[in-house]
Amino acid sequence: MANFETPELTEIPVVPQLEPDVMSRCVSHVAKPEIQAPLGYPGELVDNWEQVAIDKLGELNAKYRSLQVFLDACVKCGACTDKCHYYLGTADPKNMPVARQDLLRSVYRRYYTLAGKWFPKLVGARDMSKAVLDEWYNYFHQCSECRRCSVFCPYGIDTAEIAMAAREIMNSVGMGQKYSNEVIGKALKFGNNLGLPGPALADTLESLEEDVEEDTGVKVRYPLDEKGAEVLVVAPSADFFAEPHVESLIGYGKVFHQAGISWTLSSYASEGGNFALFTGSYNNMRQLALRVRKAALDLGVKRIVFGECGHAWRVAYSFLNTLAGPFDFLDPRYPVPQHICEVTYDLMKRGVLKFDKSQNDHMVLTFHDSCNVARASGMGDMPGGQFTIPREIVKATCNHFVEMSPDTLYDATFCCGAGGGTLTDELIELRVKGAMPRMQAVKEVVDTAAVTHMANICAICKSQFTKVFPYYDFSADMIVGVHQLVSSAIILDR
Ligand code: SF4
Ligand code: SF4
């Protein structure tokens, strides 16, 4: 265990006493030139970088109207100050959303407002400097871009968008984050975040088929690059090898098998995640989205379905059609794209899928809303479907379900503590402390309702929680995917 103290879980959430700059020690690694180059970014700080950064800020303000509104509209009402899990867990005031925004806003004011040009001190305007850049690097990589603060801001100011802009500016001057940029580079080169080549993927899926047949006696298929399949599934690559992620992939296969729907994965687009969302790079985000389009065209599928990954679903639901559309070659009877939960829910409602709930009787379940699904997407054709549909699936596949405190659910859900490019080892202190508000809600239902497991539909949440639960004396095995529950309970009779 690392060299910091895990926050104490209190009965009632407590707003911490300020500890200025306490998290300035928690810095993610800067990307080396060889990681920057393939993404089109300079490998180290460019000459005249201050001016380049200021110009880039002006360019982004002109391009994204929302950014300028967010930088202008804050009235310092304070409603967001205690809403960020990173502030609540670390006590560092720079992790208050408004303070995080001000890191960029102060520079914006200095160069792009009249008052900031003439009376900088009066309006909190700052010159661009290396100290400012370092502070940006530090604290804009301590934002998981979860958007919880925006729900409570009377003006809807979205700190995530400000963090994305700051990261894009930093990349443009040669100061990118190693973790996110390395992942984007691998996805652009290999088609997935792990750099898994096609043959390795094929081997993995083959052994999965053998395991499932041994376990169930049914030949459930996990096809790769199968031309003419009806559905292309784009899953987070963690589903191919990580626990508990792979259990959900097994579940997707069982759903398609039982429904008699042909499906395939693609070795060219073997990744649902799109980390370019985190760095604010439209161009890289588009390149990754175009891989999904090309895979769908090459394989001749009729539908595209995304697996259990929060930010993948945000990019797919909100942006896929504009990034890589039109998808007029797909079957118009289905939405483009679909979430695997929408597919399962629909089949379940039509009686195509049947479950034996008793298979999950050893669990008392609760459900964690993942932030990108909750606050940046929808599901089905009903308002709030992103909340209802996964819960309906959980309830259909188990007998014991308990909700956590409503203050921590739905659009007020707390981030797992590792979204937005923070799921990296050197930020473990941030991750453990940032998980504290969710841990508090988990502890409450463990203590009062004997909850044993927590389901979710996000690859990052699964990786983060299995890592940080032990810091709070919970078992990593408590984390399950929704299609893991489906996998255990589904009745296979075809
Ligand atoms: S977007 Fe999330 S992580 Fe970032 S400041 Fe807001 S609440 Fe905190
Ligand atoms: S809630 Fe909105 S307006 Fe109020 S301080 Fe926070 S960002 Fe500014």
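A cavity here is a set of points, on a 1 Å grid over the protein atoms alone, where a 1.4 Å probe fits but cannot get out, and a residue lines it if one of its atoms is within 4 Å of a point. A volume is the space filled by probe spheres set on the points, which are joined across faces, edges and corners. This is a predicted model, so local features need pLDDT of at least 70 and side-chain atom pairs pLDDT 80 or more, while totals for chains, interfaces and linings use all residues. Residues are numbered from 1 along each chain as its sequence is written, chains are lettered from A and ligands numbered from 1 in the order written, and side-chain values use heavy atoms, without hydrogens or water.

Searching the whole structure turns up four cavities of 30 Å³ or more. The largest cavity comes to about 130 Å³. It has 17 lining residues, with Glu271, Gly272, Gly273, Leu288 and Val292 closest to its centre. Helices α14 (282-299) and α15 (310-324) each give two or more residues to this lining; helices are DSSP runs of H or I with at least four residues, strands are runs of E with at least two, and both are numbered from the N terminus. By class, the lining of the largest cavity has 10 nonpolar, five polar and two charged residues. For these classes, Ala, Val, Leu, Ile, Met, Phe, Trp, Tyr, Cys and Pro are nonpolar, Asp, Glu, Lys and Arg are charged, and the others, Gly among them, are polar.

The second largest cavity has a volume of about 90 Å³. Cys84, Arg100, Cys143, Cys146 and Cys149 are the closest to its centre among 14 lining residues. What takes up this space? Ligand 1 does, where sitting in a cavity means that more than half of a molecule's atoms lie within 2 Å of its grid points. Around ligand 1 there are 13 residues, and Cys84, Cys143, Cys146, Arg147 and Cys149 come nearest; a residue counts if one of its heavy atoms lies within 4 Å of the molecule. Ligand 2 also has 13 residues around it, with Cys74, Cys77, Gly78, Cys80 and Cys153 coming nearest. Its shell has 10 nonpolar, two polar and one charged residues.

Now for the open space. A pocket is an open set of points with protein on both sides within 12 Å along at least five of seven lines. The largest pocket has a volume of about 500 Å³, and 23 residues line it, with Pro13, Thr408, Phe414, Pro437 and Gln440 nearest its centre. Helix α20 gives the most to this lining, with eight residues.

Finally, some local details. Ser172 sits in helix α9 (residues 159-173) and counts as buried because its relative accessible area is 18%. The cut-offs are under 20% for buried, over 50% for exposed and partly exposed in between, with a 1.4 Å probe and protein chains only. A polar atom of the Ser172 side chain is 2.7 Å from the backbone oxygen of Ile169.

Most residues other than glycine have a negative phi, and most peptide bonds are trans. Against that background, Asn48 has a positive phi of about 60°, and Ala450 has one near 55°. Asn48 is exposed because its relative accessible area is 52%, whereas Ala450, at 48%, is partly exposed. The peptide bonds from Gly325 to Pro326 and from Val336 to Pro337 are cis.

Terms used: A polar contact is a pair of N or O atoms within 3.5 Å; within protein, one must be able to donate a hydrogen and the other to accept it, and residues adjacent in sequence count only if both atoms are side-chain atoms.
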